[in-house]
Amino acid sequence: MIKNISNLGDAALYCDFGNEVNKSINSQVIKYFKTIKEKKFEGINNLTPSYNKLIISYDLKKTNFKEVKNYVENINAQDSNDINSKKLEIPVCCHENFSMDIKRLEEILKLSREKILDNFLNKEYFCYMTGFIAGMPFLGDLNNNMRAQRLETPRVKVPKNSVALTEQFASIYTFESPGGWNIIGNTPIDIFDSSKEDKPNLINPGDTVIFKEITLDQYKNYNE
Amino acid sequence: MSSNYLDIIRPGINTTFQDKGRDHLYHIGIPFSGAMDNRNYLIANKLVNNNLDSAVIEFAYQGPHIKYSGEKINFAITGDVIFSIKKKDTEIEGKCYESYHIENGDEINIISTNKSVYGYLALGGEFDLKFQWNSCSINTKAKIGSNDGKKLDLGQRINFKKINSNKDIKKTNYINTKIENIRVIKGTNFDYFSEEGKKIFYEKEFTVSKLSDRMGMRLEGPKIDNIVNTNIKSEGLIKGVIQVPADGNPIIMLSDHGTIGGYPKIGVVASVDYDRLVQMSPGSKIKFKEINLTDAETLFKLYEMETQNLLSQI
């Protein structure tokens, strides 16, 4: 449930669900997000769910903090029982052409390459949120022994479709972008496609993702 | 094949098509975009008898030099902009907030913005542009919007889909006022900062850095000391949020900002001051002044009434 609602500036509600990052708190956030999104309250123009917060921004020309807060406080988020989540398999090639940070991870985690991949692949990850850049999914949770910090100096250009790890999360760079996550592979499938306006994101909050390893040859032939 | 078009002789530094922007997309990682200075965007469209949500050409610092081909239409430039109009053998200096006729072969040369950042060029009609999520606004980082999500380039041709039949010349006396203080509302992580840091935030002057663009405005000045944690669990952002990363230098989120971020939020710029904030060029001095939510809402209402008044007088 929402623990506290405050204002973020004069055009957004800051709904606080707690401080921990776990699936149960995040599922609450997603439930509220989906319910409010479906109801289309006049004046609300954006909803940003994250691990344990939901930010609701609105058009100050049409409504205000008091009205939106009152609306959110009286919503029955239980109504939205259809969470409509998917289970997805994402192919990933961890060939040395792509796994730029595997040596760094071997040193930090004190695990062999084989062990790192074994820990990472074929496990279910939960999509907590998408964003930062368009369509980028934040997937958790990695095992405790797989958690590494970001690079000290972020790369200026991370290749598109890089699969990367940081702290308790895995993610995929949906397009070439600066970034500091530890890159361990690359997927041949597009996670974000702006030409599909109704469904640009392959992975959405609430979905479950499993990474399946493919060889370099399979990677090269994937889209043919 | 359109018979009315523009040719780009010089594209300028950061020239894009912008309109009202796109909403309902933060949750998938797509920001609002749209014209940075919304008031000047609306005035530009009104001066050429366009719909208020029509696409315009937004430029920053140095603007484009364009050549027009086709039937006579209107154009107008808003902001604080130095430009000239070249017709056959004469070249005259143009004035902002006034519409002009432009005919086959005429050129508009937008030399620069004056002690400001953004200017707007509106032409009487509709460009032939691709829309994504109900907006043609270009977001160059995500490569979204018209023109394949790229800035306008040298040699490019821009076609019109239609031109306005109303070619009346319009004029207004608007002056872009500068403000000394940017009004802010306390951020959700205000208490992450030391007493000294909070004092610095409200009392000291900051300088707009060169590393500012449509995504964000970086500030330089006295460091704001964090005493709790230099990171928070990543969460949503909105435009105007002032984040302070570990180095103690504030960054203000602007229209093309990343949709989530993990730095503490010390404040949020009040909506009333956003249009004027984005016009502060590198080297400008900024001071923040705290206001409460009720005052921010009232001030925005007045600002919006003033905008509507300005538009109704054109």
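Predicted model: local features only at pLDDT ≥ 70, side-chain atom pairs only at ≥ 80, totals over all residues.
**View 1. Surroundings of B:I77.** Neighbours within four places in sequence are left aside here. B:I77 then contacts B:F59, B:F83, B:C96 and B:Y97, among others. Its contacts also include B:I108, B:I110, B:Y120 and B:L121.

**View 2. Packing of helix α1 of chain B with helix α4 of chain B.** Helix α1(B) spans residues 38-47, and helix α4(B) spans residues 293-312. Their axes come within 10 Å and cross at roughly 15°. Angles under 35 degrees count as roughly parallel, so α1(B) is roughly parallel to α4(B). The crossing is right-handed. On α1(B), B:R39, B:L42, B:I43 and B:K46 make the contact. On α4(B), the contact is made by B:Y303, B:E306, B:T307, B:L310, B:L311 and B:S312. By class, the contact has five nonpolar, two polar and three charged residues.

**View 3. A:N119 in helix α4 of chain A.** The helix covers residues 113-120. A:N119 has a relative accessible area of 8%. Buried means under 20%, so A:N119 counts as buried. Sequence neighbours within four places aside, A:N119 is in contact with A:L111, A:Y125, A:N143, A:N145 and A:M146.

Note on methods. Residues numbered from 1 in each chain as written. Chains lettered and ligands numbered in written order. Heavy atoms only, no water. Axes fitted to C-alpha atoms, helices over the stretch in contact; angles between N-to-C directions. Helix = DSSP H or I, 4+ residues; strand = E, 2+ residues; numbered from the N terminus. Parallel < 35°, antiparallel > 145°, perpendicular 65-115°, else oblique. Left-handed = near helix turned anticlockwise from the far one by under 90°. Contact = heavy atoms within 4.5 Å. Nonpolar A, V, L, I, M, F, W, Y, C, P; charged D, E, K, R; others polar. Buried < 20%, exposed > 50% of the residue type's maximum accessible area, 1.4 Å probe, protein only.
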